[in-house]
Amino acid sequence: MQYQEDSVNLHSSKSDANTDMSVKNKQDATNNSQRKNDSSRSLIVVKIGGSTFGSDDTTVADLVKLQKQGFQPVVVHGGGKVVSDWLKKQGIRPKFIRGLRVTDQNTLDVVVGVLTGVVNKTLVGEIVLRGGKAVGLSGVDGGILQADAENPELGFVGTIKKVDVSALLDILDGGNIPVLAPVAIKQGRGGDPIQLLNINADIAAGEVAAALKADRLIMLTDVPGVLDSSRRVIKRLTQKQAKGLVESNIVAGGMVPKIESCIKALEEVKETFIVDGRKPHILLECFEKEAGNSFNNGTRVG
Ligand code: ADP
Ligand code: MG
């Protein structure tokens, strides 16, 4: 990870033909820290999972409230259940490996259409309807998420290679909440055919939080937090303990990319949390109480 030298160039490739791009990214990173110095506002990346799209969900209301209080939320959303429902309509059976969706061409088409369309616009619409300001986009827009497909078993699933946060910063500067659908563009040369890639939303959120040097990364999910082998919530996890839980399979499935993304984000982000998105106003609670050891509403990683 190259954030120190170039906060948005994740993997400096030897054959990187994008020298101009790297320079641009360096400028973006500088602009980022300047913009952040100009502002005392707290930048928080919130990952919303498929479980928190219910009609009585308070997440959107909380986001609007936080925005009005002067926080700068950045939303990265999944779409688990909605995407799976649409896949079923197409007769495609969802398949996951270690929490990542196996993505063939048909699945990719549905994922891209549903995530960047139905799910993204519904979320943006809900924020706007509740008096917030939001702009929806995907990782393809502004070249925010640039990736490679490295695991043939997973198909069109991207490993993020570069994050360009300039489009997100422009949206934040305009007083809007960026709402990001985790679809990436495959890196390539000018003549290459365009290839979109599916990115797990937890991984996208972790990478975006790190590239933005966010103050906090908060992952909302459908369990009370990270659970131990007796299914009790672990309030605080060191990075080492978190890795141990994954290795021993106590953490499995969709919790794996969450834990791994928190660990990755901690290179640049001060605080990372995995909390119960089903709990009303959990997002506000994350800010009301001092989120140190006394944090009682989920798991703090790091
Ligand atoms: P999301 O939409 O929040 O990404 P996921 O289903 O992808 O939801 O991931 C959360 C799921 O991870 C939980 O519902 C739970 O089934 C699973 N999981 C596996 N191991 C653990 C663990 N140790 N603690 C909590 N959840 C776990
Ligand atoms: Mg998930």
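Modeller: A polar contact is a pair of N or O atoms within 3.5 Å; within protein, one must be able to donate a hydrogen and the other to accept it, and residues adjacent in sequence count only if both atoms are side-chain atoms. This is a predicted model, in which local features need pLDDT of at least 70 and side-chain atom pairs count only at pLDDT 80 or more, while totals for chains, interfaces and linings use all residues. Residues are numbered from 1 along each chain as its sequence is written, chains are lettered from A and ligands numbered from 1 in the order in which they are written, and side-chain values use heavy atoms, with hydrogens and water left out.

Colleague: Which side chain does E268 join in a polar contact of 2.9 Å?

Modeller: E268 is placed in the loop between helix 8 (255-265) and strand 13 (271-276); helices (H or I, at least four residues) and strands (E, at least two) are DSSP runs, numbered from the N terminus. E268 counts as buried because its relative accessibility is 15%, where buried means under 20% relative accessible area, exposed over 50% and partly exposed in between (1.4 Å probe, protein chains only). The partner of E268 in the 2.9 Å polar contact is the side chain of K213.

Colleague: What percentage of the residues in the chain is buried?

Modeller: The chain is built from nine helices and 14 strands. Its accessible surface, by the Shrake-Rupley method with a 1.4 Å probe, comes to about 13,600 Å², and carbon and sulfur atoms hold 50% of that. Of the 302 residues in the chain, the buried ones make up 52%.

Colleague: Which residues is I259 in contact with, leaving aside its neighbours within four places in sequence?

Modeller: A nonpolar core is a set of buried Ala, Val, Leu, Ile, Met, Phe, Trp, Tyr and Cys residues joined through side-chain atoms within 4.5 Å. The largest such core has 46 residues, and I259 is listed with V45, L145, L212, L217 and V226 as touching the most other members. With contact meaning heavy atoms within 4.5 Å, and with those neighbours left aside, I259 meets V226, L237, A242, V246, V251 and I274.

Colleague: How far apart are the closest N and O atoms of K81 and D85?

Modeller: Side chains of opposite charge can pair when their charged atoms come close. A salt bridge is a side-chain nitrogen of Lys or Arg within 4 Å of a carboxyl oxygen of Asp or Glu. K81 and D85 both lie in helix 3 (residues 80-89), four residues apart, about one turn of the helix. K81 is exposed at 57% relative accessible area, D85 is partly exposed at 31%, and the closest N and O atoms of the pair are separated by 3.1 Å.

Colleague: How many salt bridges does the count come to?

Modeller: Another of them pairs K161 with E150, with closest N and O atoms 2.6 Å apart. Salt bridges that share partners also join K47, D202 and K258 into one network. The count of salt bridges comes to eleven.

Colleague: What is the positive phi of R231, which is not a glycine?

Modeller: R231 lies in the loop between strand 11 (216-221) and strand 12 (236-237). R231 is exposed, its relative accessible area being 62%. The phi of R231 is positive, at about 65°.
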